[in-house]
Amino acid sequence: MSLSATTAPPSHVPPPPEDAPRRRGHLLNRLDLKYSPYLYIAPFFVLFGIFGLYPMLRTAWMSLHDWDMIGDRSFIGIDNYTELIADEYFWNALINTFGIFALSTVPQILLALFLANLLNRTLLRAKTFFRMAIFVPNVVSVAAVAIVFGMLFQREFGVVNWLLSFVGVDQVDWDGQRWSSWTAIATMVNWRWTGYNTLILLAGMQAIPKDLYEAASIDGAGPWRQFWQITIPMVRPTLIFVVILSTIGGMQLFTEPLLFGNGRIIGGDQREFQTLAMYMYEKGIENLNTAGYGAAVAWAIFMIIVLMSLLNFLLVRRSAK
Amino acid sequence: MISASQRLWRTSPLTYLALVLAALFSIYPFYYMVVIGTRSLDSINDVPPPVTPGGAFGANFGRVLDNDAANFLTGLMNSIIVSSVVTISVVLTGSLAGFAFAKLRFRGRNILLLAIVVTMMIPTQMGIIPLWGMMQSLGWYDTLFAVTVPFLVSAFGVFMMRQYAAQAISDELIEAGRVDGASTFRIYWNIVLPALRPAAAVLGLLTFMETWNSFLWPYAILTPENPTLQVSLSFLSYAYYTDYSQVFAATAVGTLPLVLVFIVFGRQIIGGIMEGAVKS
């Protein structure tokens, strides 16, 4: 249904206009050539301007106010930000976000590199099957992932605790402590995104000329050495892309911890797994009278994303030398 | 005789073992979803955990439908409407703008294209607080407009269609249309759009999946009375967290359509994602 518009058969181009309206046709033609490109790109810029760019800028403006969404507002300069720096719940959310981010990004990218390297063998059988099987978690909604994994990590009858009982680990109360809730949430993120990153890295690996490897193997370099000396340096641009993408996603993590904590915006009894995005939501939308403060949290997240992306970029670039 | 390159790329059984394990790990949660969703509630407590599907899906899903708190069917219908409208719009506006950027000459073309690439990097989710206020003043709170209109265009869509149009459509084809006296829009509709079909299909599939699965914004602006599917699922899971069979039956129903679409079109989707990665 959604594609019906694109499947219309190409009908024949109309015959050239008759002689009589030719002069008017000329003018229309010139206008068409000159201005229609702007008409075609206008929908994007208009809608993005209204619903994408404007709210971002307005967030910055709101963050300089004591702003009640359904009441008064007054300009207070950077007071929200000074308050933010002293706010222990903000720091708590920051630590949680980075903790979950580290537990998800590092293993995820290592695993994706490993799997992409395996999938990159030219003689591999059932290639398409393996690619699809590894990618399919990305098709599932975050809400569904959180529901299913919430059950797998359930204390009394969850599959994870049942498996752990074989190696002598007592029932873990996954949502009761910091490290355990971080692990459970990071597992959801890893499950959903490893396959996606694997495919992106695989695409990068396939762009590496094969004769590089042949030359290396004639020189007696083994597979391990080839991986470190050829594959890794050559996929570095793709790796930067993957890391930056994971950073943008990781800093905005919201749904997994929200549903893991049964919808409580504070994420666990003692805020053990409240992330920055959840804190923004708590201040800006759940409590409408602190919308200005919520906007300051949003803008702080944005600045963190920009800084982290720059840092990634510099680190990866420096390690290239 | 095997050549040097074949020896180099030979696949060992260990490779297959690792890949099969990864595939199992990917697929198991789906299977588990089906197992719990088709069993009656008491088998959840079994040790070891149940491994085969049961026959209670009808009863479980019946409880979902009777459930007034989550409005599952409304959510399903809303998700179908919103995802379809957004998909059609993103494909049409994306191909129109992509065609303009790839094949038409106009002042400011390069800088505007650069602007689009930059906007792809902006986490617009961080603008939801004022957006929420905007929706209130427009009277769109708890309506489908709120979850549809802001997403009718996509920077990724424009960029992807531009990349495809640049290499798939020859300038001669467009010149031929012009010589025949066709307007620019006619050239787009009759020549360009049909030629963009493969990329449009991938963009459409990706957009549909993304819209179907989006959560934070619909959760902020919709209520349980008029939810999307994901919002409905979340309220179901809060309210009935002890009735796992019911929640899992609903989750399976909300997930499996996309999985089926993926099984049918997976090759194209994967191809699209990998091509996009190399270009960007």
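This is a predicted model: local features need pLDDT of at least 70, side-chain atom pairs count only at pLDDT 80 or more; totals for chains, interfaces and linings use all residues.
Local features need pLDDT of at least 70, side-chain atom pairs count only at pLDDT 80 or more, and totals for chains, interfaces and linings use all residues. Residues are numbered from 1 along each chain as its sequence is written, with chains lettered from A and ligands numbered from 1 in the order written.

Let's start where the chains meet. Chain A puts in 88 residues and chain B 101 (contact: C-beta atoms, placed from the backbone, within 7 Å). On chain A's side, helix H1 (residues 22-62) gives the most, with 17 residues (helices are DSSP runs of H or I, at least four residues, numbered from the N terminus). That side has 62 nonpolar, 20 polar and 6 charged residues (nonpolar: Ala, Val, Leu, Ile, Met, Phe, Trp, Tyr, Cys and Pro; charged: Asp, Glu, Lys and Arg; polar: the others, Gly among them).

An unreviewed UniProt entry marks "transmembrane region" in chain B at several spans, including 187-209 and 244-265; such annotations may be inferred rather than shown by experiment.

Back in chain A, Tyr89(A), Phe90(A), Ala93(A), Leu94(A) and Thr97(A) of H3(A) meet Leu276(A), Met278(A) and Tyr279(A) of H12(A). By class, that's 7 nonpolar, 1 polar and no charged.

Finally, Met135(B) sits in helix H6 (residues 128-138) of chain B. Met135(B) counts as buried because 23 other C-beta atoms lie within 10 Å (buried: 20 or more within 10 Å; exposed: 12 or fewer; partly exposed: in between). Beyond neighbours within four places in sequence, Met135(B) contacts Trp140(B), Tyr141(B), Ala146(B) and Ile221(B).

Definitions and conventions:
Two residues are in contact if their C-beta atoms, placed from the backbone, lie within 7 Å. Helices (H or I, at least four residues) and strands (E, at least two) are DSSP runs, numbered from the N terminus.
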